[in-house]
Amino acid sequence: MLLLAVLLPPAATLVWLGAQLLEQDRVVLEQRELERRQAVGEAVAAELRRLISSAEQGLDKGAASAGLARFVFRADRLAIAPSRRVLWTPAPRQLPHADDHIFAEAERFEREGTGDPAVARYRSLARSSDPSIRAGALRRIARIHWRERRFDKALDTYRALAELRDVSDLDMPADLYARRSICDVFHATGNQTELERCAARLEQDLFASTWSIDRNTWELAIDNLERWREAAIVIPQERQVFTVLADMLWREFRGRDGAFRDSSSRLIDVAGTPVTLFSSTSGAQVSVIAALPPALEAWSTDAVRGAIADDARLALLAPAGTSLAGTAAPAGTPVVSIRSSDSGLPWNLSLHSDKWVHAGEQFAYRRRLLLGGLASILLLLLGGSYFLWRVVQRELAISRLQTDFVAAVSHEFRTPLTSLRHVTELLDEDDQMSADRRRSFYDVYRRNIERLHQLVESLLDFARMEAGKKPYDRTPLDAAALATYVVAEFDRHEGACASRFTLDVSAASGLQLRGDREALANALRNLLDNAVKYSPDGQPVDVVVAAHPDGVSFTVRDHGLGIARHERQAIFQRFVRGKQAIALGIKGTGLGLAMVAHIARAHDGTVEVESEEGKGSTFRLILPASVASSDAAPHYELA
Ligand code: ADP
């Protein structure tokens, strides 16, 4: 109880401290993890900004990254880089074209049906140094040939016209007009092979943005191609989006007198495709970079790689939360969110990582470690305390035993000393004492002195034994003779008229052993002494010597008090005395059986006890037998 009371406060404190430590550890771990993720998020955002600006520079230098285009608006001009991002432009390049009145006279001939003078007139114009006049003249000559169904000539003229660059006629580039017309000629003449080839080349050049054309021209050309091919022309979605975007922005730019709503970045929807715009104004020029999902996709992976946050995944989100590009975090995953207002980017960023999920596991691991440590400390504390308790208990028991021993020894000494004093006084008082009486007194003297002598001897013997200083002989002994000697000697000392002992050595004839005669006799003597002492009603004691599987057994059986079960082992320890023995005031020091056990061990033997309380005890001293030799054991003379 006391131990528990002493132990409980430190144990509870330890547990409380452990819990506090755990909680603090969790908070610190979470905080550190949060800071780490935040730092990763910031690095990724910075890398994104860098990627955008390097894409901008790339566009300046003419690089064409997927999903990116730059629109530069200036007064009535729109430049698109790369130019092939759009199909047509709301602000096509203005090309020089010839005035109609130059051809007025020839056209009059043409209308009047006088073809040749008209052709002659046009031909002279077709030699003009002005390419736009040449273009107008050639187109009109070809028209006449066409009408007159002189297709070869029309074809040649159109081919000549197709050679002219950067002049416009009929509101479109003259060479485009010529190329279209060539195809038309093949179509009209049913020359399918040439038509195929011509249409394919035209389509290729149209899609390569060879010409800066407006929407009508584009649609007309596509209509023609579809008619000749008799199949729909597939237009890539991205180019359609960029084209519609260019138109939208142009209208906005023009509608607002050359200024956009905001000069930074924004997200718009173009034909169902989310487009991110980055605008910048310098002087009268407004530059807009448009990024479509493929560009965003590339940025989201490159930003993570560039920020060396390889274990993270980035998603670019629209303000409404829809994902524009990247990998969205699975539900329940911890994410780092960076709002567009904080990063200056047009998207909200959401960063996650599979490894971040394990932050909790890391904590769980540390918690297990800490709890394990705590449990070990507690265990150690408990174990240590128990050990201490055991040591204290043992020390207490030993000191109690020693006190009992001192009391017992004093008592042992006091009894003979008291009778010696008494006899001395009697002798002193009576000078006339008869010789018989005097002799009986001397007898008392002798017995008491003998008893004191034995007591001192046995104490010294025990002390020597304990110190391991007692030497033991190893002489051959006859078991039966040894027992007979000790019993006879005991009877003689007791001075009883009839022996209490029955000695049975019938099964011991020839049983030999090697040992210290005096020590073994002493051991037997102790057993006999106890048998007599603890049989207060004078019951007989049986002594049997017989062969035993382990050698020779000396059995001493009494019919006395018996020994409580729980004391049967302890009585072989020094100073230990039975409760009943003490209660009944039977004299003793608690050393007898300890000596017997010691002697038995020294002879490689054992001593054991069987007992029944109130009915008696049987002590058995078992010693190893030795092979009998011719010079057998000596017989003991009874003194
Ligand atoms: P002592 O006899 O001096 O007390 P021992 O070491 O000889 O010391 O015996 C230890 C205890 O064992 C005794 O106090 C007694 O309680 C018990 N004991 C020994 N022999 C017997 C016996 N034959 N019958 C009953 N109790 C015995």
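Mentor: An axis is a line fitted to C-alpha atoms, for helices over the stretch in contact, and angles run from 0 to 180 degrees between N-to-C directions. This is a predicted model, with pLDDT of at least 70 needed for local features and 80 or more for side-chain atom pairs, while totals for chains, interfaces and linings use all residues. Numbering starts from 1 along each chain as its sequence is written, and side-chain values use heavy atoms, without hydrogens and water.

Trainee: How should I read the packing of helix α6 and helix α8?

Mentor: Packed helices are described by the angle and the distance between their axes. The axes of α6 (residues 174-189) and α8 (residues 215-229) cross at roughly 20° and come within 11 Å; helices here are DSSP runs of H or I, at least four residues, and strands are E runs of at least two, numbered from the N terminus. α6 is therefore roughly parallel to α8 (angles under 35 degrees).

Trainee: Which residues of α6 and α8 make the contact?

Mentor: α6 contributes Leu 176, Arg 180, Cys 183, Asp 184 and His 187, and α8 contributes Thr 217, Leu 220, Ala 221, Asn 224, Arg 227 and Trp 228 (heavy atoms within 4.5 Å).

Trainee: Where do the side chains of strand β2 point?

Mentor: In a regular strand, side chains alternate between the two faces of the sheet. In β2 (residues 77-81), Leu 78 and Ile 80 point to one face and are buried (under 20% relative accessible area, 1.4 Å probe, protein chains only).

Trainee: How many bridges join β1 and β2?

Mentor: β1 (residues 68-74) pairs with β2 over 5 bridges, in the antiparallel sense (pairing takes at least two DSSP bridges). Arg 74 has Arg 77 as its bridge partner. The hairpin has 2 residues between the strands, and Ala 75 takes a positive phi near 45°.

Notes:
Buried < 20%, exposed > 50% of the residue type's maximum accessible area, 1.4 Å probe, protein only. Parallel < 35°, antiparallel > 145°, perpendicular 65-115°, else oblique.
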